[in-house]
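Reader: I'd like to walk through this model with you. Can we take it piece by piece?

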Amino acid sequence: MSDINNVSLTGRLTRPPELRMTAGGTQLLSFTLAFNTTVRNKQTGEWDERGNFIDCTIFGKRAEALSRYLAKGQKVAIAGELRYSTWDKDGQRHSKLDLIVANIEFLATRQSATQPEQAPAPQAPMPPVVDDFDDDIPF
């Protein structure tokens, strides 16, 4: 029942993505996605924003390709599945929740400081709307 584990998030990258290779030779791209949630402060009754941070991982050929286009501060929408892992280190039990990315969509492009702004390309005119419906239809 892996179809139950579906997650969609929108946020910004908190750091530049890190591309590395697993011991088995698979490329792996990791980054952290940040997004805010609004919660009510019980003492003041005011609404406060809290930051949330999710570690994300992309595997395979897409990892290398996306590493060239993702950058710190970039806004993206991600869909994937959560993966929980645990390990022991120095006698302590550690755990981590990662988002394994299946789909990613760029929501805003980053303009490089060295690139001059370009005017948007002119769009082709829209074709005229053709009404192919009969006037005999009673609705």
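Author: Let's start with a term: a contact means heavy atoms within 4.5 Å. Among contacts in the protein between residues at least 6 apart in sequence, those joining residues at least 24 apart make up 54%. As for ground rules, residues are numbered from 1 along each chain as its sequence is written. This is a predicted model, where local features need pLDDT of at least 70, side-chain atom pairs count only at pLDDT 80 or more, and totals for chains, interfaces and linings use all residues, while side-chain values use heavy atoms, with hydrogens and water left out.

Reader: What pLDDT does the protein average?
Author: pLDDT is the predictor's confidence in each residue, from 0 to 100. A score of at least 70 is reached by 76% of the residues.

Reader: In what order do the elements run from the N terminus on?
Author: Helices (H or I, at least four residues) and strands (E, at least two) are DSSP runs, numbered from the N terminus. The order is β-β-β-β-α-β-β.

Reader: In what sense do β5 and β6 pair, parallel or antiparallel?
Author: Two strands count as paired if DSSP finds at least two bridges between them. For contrast, β4 and β6 have three bridges in the parallel sense. For β5 and β6 there are 14 bridges, with Thr86 partnered by Ser95 of β6, and the sense is antiparallel.

Reader: Which residue in the hairpin of β5 and β6 takes a positive phi?
Author: Two residues lie between the strands of this hairpin. The phi in question is near 55°, and the residue is Asp90.

Reader: Is Ser30 buried or exposed?
Author: Ser30 sits in strand β3, residues 27-40. The cut-offs are under 20% relative accessible area for buried, over 50% for exposed, and partly exposed in between (1.4 Å probe, protein chains only). Because its relative accessible area is 9%, Ser30 is buried.

Reader: With which side chain does the side chain of Ser30 make a polar contact?
Author: A polar contact is a pair of N or O atoms within 3.5 Å; within protein, one must be able to donate a hydrogen and the other to accept it, and residues adjacent in sequence count only if both atoms are side-chain atoms. Not counting residues up to four places away in sequence, Ser30 touches several residues, including Pro17 and Cys56. At 3.0 Å, the polar partner is Arg20.
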